[in-house]
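Please have the sequence and the structure in view while reading.

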Amino acid sequence: MRTVTFRDALREAIREEMARDERVFIMGEDIAGYGGTYAVTKGLIEEFGEKRVRDTPLAEEIFTGAGIGAALMGLRPIVEIMTINFSLLASDQIINSAAKMRYMFGGQPAVPIVFRMTVGGGAQRGAQHSQMLESFYAHIPGLKVAIPATPYDAKGMLKSAIRDPNPVLFFEHELLYNVKGEIPDEGEEYTLPLDRGDIKREGQHVTILSFSRMVHVCLQAAEDLAKEGIEAEVIDLRSVRPIDIDLILDSVKKTNRVVVAEEGWKYYGTGQGLSALIYEHGFDYLDAPIQHIAGADVPMPYSKPLERLAVPRKEDVVNAARRIVPAALVRG
Amino acid sequence: MAISNATLAGLTRAQLLEMHYKMALLRRFEEKSAEEYTRGKIGGFMHLYIGQEAVGVGCITPLRRDDKVLASYREHGHALLKGMTPNEVMAELFGKVDGCSKGKGGSMHMWSNEVGMFGGNGIVAAQLPIATGIALAAQYEGRDEVTMVFFGDGAVDEGAFHESLNLASLWKLPVIFVCENNQYSMGMAVEKAWAVDSLLPRAAAHGVPAEQVDGMDVLKVYEAATRAVEHTRSGKGPVLLEIKTYRFRGHSMTDPTYYRTREEAEEWRTTRDPIGIFEKHLLEAGQAAQSDFEENDAKAIQVAEEAAEFAENSAFPEPEELYTDIMVDDSTALSYRYER
């Protein structure tokens, strides 16, 4: 094993898949000469040339739609849409074309494409550049939505996404790019499924469900809880469509208590969807109401102290767990 | 009457009569579709191609089988012209399992991998970026196919039109943009929607060569399309054709056409009918006799009738079809295992 950043892990995945399969190419804004807004694609242009590393005009709808067209013909495009905020300009192509074409054309076409984009806030980017919005796309049948939290998962899942015959949205939290983690040595090939969550920490008192950057916050919260004798099981969803409901329910059956923690807005999002699924399929296993920690229900403010209030903190997760784990249970 | 050996637009008599048959087929197929819609056999939105036949026939005739066609929601005709069978198109309109899309698509979603007909798109202008990408794939893999994408005069007001022309021009992609300017985007008259009354400046702005063509004269359309295909196939990049035409029916089956006068539509139908104009050319050139037209028309009526019969006799999809074809691996459910 070796330690790399989330950013380097993503780049390795892209480079390996491009070397492996001539049909794989990448396009987007400033991915070649500039090296990528978040430097994920740095160096790829030197290695693979302009045909396979394509800078596009600043026009999300065309390069998204063109990627879909190329995928229909059997190529394996990776489309980098800089940030999820800008993907809204291309959301018609993602939702009305990529997600629906196979179904509405009776199973004839396939759309093997990956849309990579940055999500999330916390870097003082202001309201229009600090959104999660993963649930917006996770709502849509016909799409897969991957949202890893660690370099290991990011590399293995991106490689799978590129090989997947379906349209996959791949969400990278801006504040994760510099996060380091262990991945297998170079030359040690691995991929990870796009439909499985991962238990990042085992525990028996409470299940904490999370994804993306919030997984790291929850792991820190679990450390604090452990000092009080509360053993939290932290589950990283890794994908929000499809969702690994069995892994979640198995954990709920064990702990009987759930905290859902996400950075995005509370209402009508991933956390509420998850909570509803748990109530629907696991109600009898619950000993307490599900606690839902989410971002403040406001457009993201710029000012640092305000922004801190808008993004859930470790303490919020700790307090939520404390509310539903009785002291008697911990002592027992 | 004597049959001349002279050719029109370099086409043989057999080719000319084939084009005439196709125009008749498109007309009769749509008339049959309208009838079945009225009978309640076809639901939803349905947009007829009647009046615009010369555009499809003139443009698609010069294409090869391995070339690709994309169109808007008014695409029954393009599907037939690219080589899809009247049966599979009509069965799709009926929502039957023998439809090209197994009845899951409907009037706006005709597709065939086999003949390279890639939709049918219900979102105005959404087919332009996709067509541009299909052309990109041909260039990427070094194939000399061209992609021809049809859209209406409303689509050019979408940003996707400009974004597509720019990228296709920038990367010299083998795509032909065909605007079927039928004068109205739904009920919006083109002169009320366009600040400039021609597409040529918009094409020029993106460095795309363009031509305006009389869309009621199939030979003029054919000649312009042939030039466009040659240009594009030779690697010189995209071309735009603005083809002026007129739809004789409403925007869709439910359109009462309040926005235009009865007289205007009647004038086009009686003096500018593309089938009538073509027949006049053929007669004047001594390339065909009235009996040829009658024979073609009778055959077209019969094929349309047979398609409707085929569609009627085809089964509706089984309930299990509801949950197939969402993902390639049929992992349709939101949750990975639990809901299966």
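In H10(A), the buried residues are A:Ile245, A:Leu247, A:Ile248, A:Ser251, A:Val252 and A:Thr255 (buried: 20 or more other C-beta atoms within 10 Å of the residue's own; exposed: 12 or fewer; partly exposed: in between; C-beta atoms are placed from the backbone). They lie on the same side of H10(A), because they cover an arc of only 160 degrees around the axis (the arc is that of the directions from the helix axis to the C-beta atoms). This is a predicted model, in which local features need pLDDT of at least 70 and side-chain atom pairs count only at pLDDT 80 or more, while totals for chains, interfaces and linings use all residues. Residues are numbered from 1 along each chain as its sequence is written, and chains are lettered from A and ligands numbered from 1 in the order in which they are written.

**Surroundings of H10(A)**

- The buried residues of H10(A) pack against strands E10 (206-210), E11 (232-236) and E13 (258-265) and helix H11 (270-282) of chain A (helices, H or I, at least four residues, and strands, E, at least two, are DSSP runs numbered from the N terminus).
- After H10(A) comes A:Asn256, with a positive phi near 65 degrees.

**Contact between the chains**

- Chain A gives 40 residues to the contact and chain B gives 41 residues (in contact: C-beta atoms, placed from the backbone, within 7 Å).
- On the side of chain A that touches chain B, two or more residues each come from helices H3 (60-72), H5 (91-98), H6 (101-104) and H10 (245-255) of chain A.
- H3(A) supplies the largest share of that side, 9 residues.

**Two packed helices in chain B**

- The axes of helix H5 (residues 127-140) and helix H6 (residues 159-170) of chain B come within 8 Å and cross at roughly 15 degrees (axes are lines fitted to C-alpha atoms, for helices over the stretch in contact, and angles run from 0 to 180 degrees between N-to-C directions).
- H5(B) and H6(B) are therefore roughly parallel to each other (roughly parallel: under 35 degrees; roughly antiparallel: over 145; roughly perpendicular: 65 to 115; the rest: oblique).
- From H5(B), B:Leu128, B:Pro129, B:Thr132 and B:Ala135 meet residues of H6(B), including B:Phe161 and B:Leu167.

**A:Gly273**

- A:Gly273 is in helix H11 of chain A.
- A:Gly273 counts as partly exposed because it has 18 C-beta neighbours inside 10 Å.
- A:Gly273 and A:His139 are 134 residues apart in sequence and 9.5 Å apart in space, C-alpha to C-alpha.

Terms used: Two residues are in contact if their C-beta atoms, placed from the backbone, lie within 7 Å.
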